[in-house]
Amino acid sequence: VQLVESGGGLVQAGGSLSLSCAASGSTSSIRVMSWYREAPGQERDLVAGLSLGDGTITYADSVKDRFIISRDNDKITVYLQMNTLKPEDTAVYYCYAAAGDPHLALNNYWGQGTQVTVSS
């Protein structure tokens, strides 16, 4: 599975950005797609996750009611709509996928990351 993100950039506080993650390869084996972010000097944390099987969505408390994760109907592109952005949202955003046989251990896949910078 290969993941390619796009859509990062610079935005003023209060603005919006949309990120995209296009998956290719063995996409039929993908079980979960998520967005993580990593700010300088901090750990990589989950922002939003989507289970492709049952549609379950999870958000970090810090982004609830501001960010929306969604997918297209063929499930191989996941989006992150980010609204009311704050300077503390500044980070490198990574697309993540868990793929494989659900009866065995899943493999983890990461995109290359895209920078989001929110100015105050």
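The largest nonpolar core of this predicted model comprises 30 residues, and those with the most contacts inside it are Met-33, Trp-35, Leu-80, Met-82 and Tyr-93. A nonpolar core is here a set of buried Ala, Val, Leu, Ile, Met, Phe, Trp, Tyr and Cys residues joined through side-chain atoms within 4.5 Å; buried denotes under 20% relative accessible area, exposed over 50%, and partly exposed the range in between (1.4 Å probe, protein chains only). Two or more residues of this core come from each of E3, E4, strand E5 (44–51), E7, E8, E9 and strand E11 (114–119). The greatest contribution is that of E9, with five residues. Strands (E, at least two residues) and helices (H or I, at least four) are DSSP runs numbered from the N terminus. In soluble globular proteins, nonpolar side chains tend to be buried together.

Residues are numbered from 1 along each chain as its sequence is written. Because the model is predicted, local features need pLDDT of at least 70 and side-chain atom pairs count only at pLDDT 80 or more, whereas totals for chains, interfaces and linings use all residues; side-chain values use heavy atoms, with hydrogens and water left out.

An open sheet is formed by four strands in the order E1-E3-E8-E7, with antiparallel pairing; two strands pair if DSSP finds at least two bridges between them. Cys-21 stands opposite Val-78 in E8.

Cys-21 is also joined to Cys-95 by a disulfide, with an S to S distance of 2.0 Å. With a disulfide taken as a pair of cysteine sulfur atoms within 2.5 Å, the count comes to one. The bond links distant parts of the chain, Cys-21 in strand E3 and Cys-95 in strand E9, 74 residues apart. The torsion about the S-S bond is about -80 degrees, so the disulfide is left-handed. Cys-21 is buried, with a relative accessible area of 0%, and Cys-95 is likewise buried at 0%.

Four aromatic pairs were counted, where rings of Phe, Tyr and Trp (its six-membered ring) pair if their centres lie within 6.5 Å, planes under 30 degrees apart counting as stacked, over 60 as edge-to-face and the rest as tilted. Tyr-36 and Trp-110 form an edge-to-face pair, 5.0 Å centre to centre with 70 degrees between the planes. Tyr-36 lies in strand E4 (residues 30–38) and Trp-110 in strand E10 (residues 107–110), so this pair ties together parts 74 residues apart in sequence. The rings of Tyr-96 and Trp-110 have centres 4.9 Å apart and planes at 55 degrees, so that pair is tilted. Trp-110 is partly exposed at 38% relative accessibility, whereas Tyr-96 is buried at 11%. Tyr-36, Tyr-94, Tyr-96 and Trp-110 form one aromatic cluster.
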